[in-house]
2 protein chains.
Amino acid sequence: MSEQLEGNCLVAQSGGPTSVINASLSGVVAEALNHECIEEIYGGLNGVLGILNEQLIDLAAESQQNIRGLRYTPGAALGTCRYKLKRQTDFDRVLEVFEAHNIRYFFYAGGNDSQDTADKISKLAQERGYALRVIGIPKTIDNDLVTTDHTPGYGSVIKYIATTVKEIAADNAAMGQHDLVQIIEVMGRSAGWIAAGAALAKRRDEPSAAPHLIYLPEVAFSAEKFISDVQHVLQKEKYCVVVVGEGLVDADGNYVSTDSATADAFGHSQLGGAGEYLRALAEESLQVKARSVKLGMAQRAAVHCSSQADNDEAYLAGQAAVEAAVEGHTDKMVTLLRGEGDSYTCETGLADLSEIANGVKKLPESWINEDGVSMNYNFYKYALPLIQGEVKVPYENGVPALVQLKMEKVDRKLGAHIFE
Amino acid sequence: MSEQLEGNCLVAQSGGPTSVINASLSGVVAEALNHECIEEIYGGLNGVLGILNEQLIDLAAESQQNIRGLRYTPGAALGTCRYKLKRQTDFDRVLEVFEAHNIRYFFYAGGNDSQDTADKISKLAQERGYALRVIGIPKTIDNDLVTTDHTPGYGSVIKYIATTVKEIAADNAAMGQHDLVQIIEVMGRSAGWIAAGAALAKRRDEPSAAPHLIYLPEVAFSAEKFISDVQHVLQKEKYCVVVVGEGLVDADGNYVSTDSATADAFGHSQLGGAGEYLRALAEESLQVKARSVKLGMAQRAAVHCSSQADNDEAYLAGQAAVEAAVEGHTDKMVTLLRGEGDSYTCETGLADLSEIANGVKKLPESWINEDGVSMNYNFYKYALPLIQGEVKVPYENGVPALVQLKMEKVDRKLGAHIFE
């Protein structure tokens with residue numbers, strides 16, 4: 001396992017950005033500088049697309065301020081993609097570029113699809129006898145990767161949502177009218193991890209506090225039950241705050257939405273509209289005033305309200321990826337492991353990329369209360385540690401000071417860019 | 001002007017909450033404690049409704065922590081209302097309640113409609129020879145009150161929006177695809193003050209940064225121009241961030257919206273839908289991927305991203321209201337006056353309530369660039385000081401620790417609550 005491998009490293013980012021994906025990048029760069037076997041530190045632009053197009057940048061040329069500032073910068077500083085490597089020529093091209101730049105360490109931050117890509121690249125390198133160590137870095141607000149207790153990005157998105165729900169509830173509670181229904185639509189394509197996180201807006205001993213109702217993709221939606229649920233809340237409270245995951249489906253598996261669905265490159269439907277649908281349903285069925293909020297991409301970019309625990313773990317995952325590769329591991333993804341004790345601790349581990357690629361971690365049904373619209377103790381115990389601490393984002397001119405990399409291009413003078 | 005008036009004071013909140021309306025309440029209570037002529041410090045629940053219903057609470061009974069915590073609590077801690085006093089019996093009832101509780105100082109935080117109500121109460125008291133000092137406290141995210149340089153609440157809403165726009169832009173810039181159109185809908189019923197504030201997401205020397213296009217209610221909307229504007233941006237940039245005020249209207253004065261409009265108690269239309277309309281328009285006309293965000297009530301409640309300058313001024317306005325009343329002023333609203341110097345300073349002044357009630361401050365057309373979709377130097381100079389500084393909100397369990405008042409009821413043992 002521990003044979004010394006000398007060469008350059010390449011790090012790239014894939015899939016939807018999170019507010020901490022750049023913290024992992026920062027961790028990779030900081031740790032790579034510690035190891036002499038890693039000569040150059042390259043970044044690939046826009047995930048695998050940048051490798052195919054041979055668009056590499058020199059991360060060692062970036063200033064210390066920039067590498068530190070990445071910890072407070074949302075988006076994906078290297079750019080990301082949803083491109084799926086399919087053709088053999090694509091994979092051949094990746095290895096060709098790796099060889100041309102003597103890339104011996106490849107770190108890929110992403111979700112299931114990205115880890116699948118990393119796995120295939122790793123397997124091909126092994127087949128061809130090209131010495132390459134591939135370590136994936138978990139990244140997704142969706143929290144749906146198996147083998148890891150949770151994923152970097154999740155803690156921050158639910159901290160932002162819980163904060164927003166609590167603030168909106170304070171506003172709604174103040175309105176002098178009765179029967180205000182507030183619908184807050186959050187992300188979550190196929191799982192309710194994100195919507196469930198809204199529960200953290202209230203303590204478990206505050207049953208009358210918002211969110212009053214959480215609609216999860218895991219629980220088949222019924223319009224009749226929704227109307228009855230809202231009525232029930234409004235009999236006791238002046239207002240009703242509803243959180244809904246965008247991936248809400250009815251008993252037949254149809255999306256609850258006013259929009260028509262289209263599919264992206266991975267075959268996922270692009271959702272949106274569940275919130276507006278519920279708003280109209282409440283207003284028309286109950287003759288009440290209903291309002292909606294759609295947080296959209298704001299939620300995964302909200303570094304100004306991100307979790308320090310999440311940020312620290314994202315950075316740690318980046319460091320751990322480099323350490324593992326230098327130690328000789330390959331074809332693995334870094335995982336986050338929760339300690340057994342009563343107080344929360346988190347360490348990193350490793351899992352096979354193929355295991356991540358083929359699994360989807362579901363929100364346990366046993367964490368949902370019998371009412372189908374609230375979370376129980378097990379969810380609180382799981383999620384509460386993930387939102388602790390507030391990242392101290394530097395501000396400039398009244399808004400967060402975000403980093404833009406200098407992006408010094410790496411050139412092997414081959415006239416690359418064949419995919420442009 | 002300076003005759004001593006002894007009695008109790010009553011403070012109430014009206015209209016839509018802001019993230020700093022409770023900072024003004026905190027200022028009133030803190031300052032009232034300094035003056036011996038003010039005996040009891042009462043709060044009226046839900047604005048004038050609470051006065052009509054004789055629902056008063058004892059603010060002097062609240063803990064110091066609560067009064068301090070109001071500075072970090074969105075919503076309106078006393079509750080608010082949109083009830084408009086119309087009938088003579090309503091006004092008579094207000095004075096009856098004031099007399100019963102020896103209310104000699106009345107502070108009302110609100111926008112135009114609320115200041116109009118305060119003015120009418122004040123005039124009636126004068127007519128009836130009831131010694132009462134009425135001072136309004138400016139409060140509205142809409143920034144549309146005349147005679148004041150700006151209104152408490154405005155700085156915080158635009159700080160949150162500019163922050164959100166900058167963060168979303170970092171996310172969108174990272175996406176590996178071209179031609180992503182992002183629509184962000186913000187509040188602003190009849191003026192573009194709030195939408196204009198999104199401009200602060202970029203410095204004026206960053207023309208290619210987001211927001212790329214801002215659609216204001218002041219500029220008649222044309223679908224053709226919108227499509228051409230977006231195309232123009234996408235020829236130069238990979239993505240296009242559009243900010244739109246909910247009150248966008250076309251050349252005929254019709255709201256640009258997918259929703260049907262309904263009117264509230266003051267005859268204002270309840271808007272929403274401009275963002276979704278533009279999203280669909282971009283997607284269908286340009287065959288591009290378009291996404292929308294609707295910040296809704298999140299924007300006026302986002303104390304976690306509020307402006308320290310705004311918070312300080314809101315507090316100051318509350319203090320100034322009490323000082324003015326004690327000095328003998330009445331039938332006035334506190335105004336914020338900007339100093340003449342190069343560096344920003346702000347003092348309070350006073351203006352006639354009737355002047356506020358009957359005016360609406362428009363966004364100067366000369367602050368909008370000729371392209372109709374961006375703001376010029378004058379707007380930056382005006383707005384930038386208002387978003388400076390970050391309020392240090394205390395957190396508990398990973399979310400902002402908001403205050404809930406103890407609400408000790410004030411009772412004159414009359415079996416009040418006649419309006420329930």
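Q: What makes the eight-strand sheet of chain A an open one, and which strands are its edges?
A: In this predicted model, eight strands of chain A are arranged in the order β13-β12-β5-β4-β1-β2-β3-β16, and they form an open sheet with mixed pairing. Its edge strands are β13 (346-352) and β16 (409-410), each of which pairs on one side only.

Q: How do you know that β12 and β13 of chain A pair, and in which sense?
A: Two strands count as paired if there are at least two bridges between them. Strand β12 (residues 332-338) and β13(A) are joined over seven bridges, in the antiparallel sense. Within this pair, A:Leu336 stands opposite A:Thr348, and A:Leu337 stands opposite A:Glu347.

Q: Over how many bridges do β5 and β12 of chain A pair, and is the sense parallel or antiparallel?
A: β5(A) and β12(A) pair over two bridges, and the requirement is at least two. The sense is parallel, and A:Ile135 stands opposite A:Lys332 of β12(A).

Q: Why is α4 of chain A called roughly perpendicular to α5(A)?
A: Helix α4 (residues 88-100) packs against α5(A) at an angle of about 70 degrees, with the axes 10 Å apart. Angles of 65 to 115 degrees count as roughly perpendicular, and α4(A) is therefore described in that way relative to α5(A). Residues making the contact include A:Phe91, A:Leu95 and A:Phe98 of α4(A) and A:Ile121, A:Leu124 and A:Ala125 of α5(A).

Q: Which strands does helix α5 of chain A lie across, and at what angle does the helix run to β4(A)?
A: Helix α5 (residues 112-128) lies across β4 (103-110), β5 (133-138) and β12 of chain A, and runs at about 160 degrees to β4(A). Angles over 145 degrees count as roughly antiparallel.

Q: Why is A:Gly16 called buried?
A: The relative accessible area of A:Gly16 is 11%. Buried means under 20%, so A:Gly16 is classed as buried. This residue lies in the loop between β1 (7-13) and α1 (21-32) of chain A. Leaving aside neighbours within four places in sequence, A:Gly16 is in contact with A:Arg82, A:Lys139 and A:Arg300. An unreviewed UniProt entry places the feature "binding site" at A:Gly16.

Q: Which residues have the most contacts inside the largest nonpolar core?
A: That core has 94 residues, and those with the most contacts inside it are A:Met375, A:Phe379, B:Met375 and B:Phe379. Beyond its neighbours within four places in sequence, A:Met375 is in contact with residues including A:Ala196, A:Ile214, A:Leu363 and A:Trp367. In soluble globular proteins, nonpolar side chains tend to be buried together.

Methods. Residues are numbered from 1 along each chain as its sequence is written. Chains are lettered from A and ligands numbered from 1 in the order in which they are written. This is a predicted model: local features need pLDDT of at least 70, side-chain atom pairs count only at pLDDT 80 or more; totals for chains, interfaces and linings use all residues. Side-chain values use heavy atoms; hydrogens and water are left out. UniProt positions are given in the numbering used here, feature names are shortened, and annotations may be inferred rather than shown by experiment. Helices (H or I, at least four residues) and strands (E, at least two) are DSSP runs, numbered from the N terminus. Buried means under 20% relative accessible area, exposed over 50%, partly exposed in between (1.4 Å probe, protein chains only). Contact means heavy atoms within 4.5 Å. A nonpolar core is a set of buried Ala, Val, Leu, Ile, Met, Phe, Trp, Tyr and Cys residues joined through side-chain atoms within 4.5 Å. Axes are lines fitted to C-alpha atoms, for helices over the stretch in contact, and angles run from 0 to 180 degrees between N-to-C directions. Angles under 35 degrees count as roughly parallel, over 145 as roughly antiparallel, 65 to 115 as roughly perpendicular and the rest as oblique.
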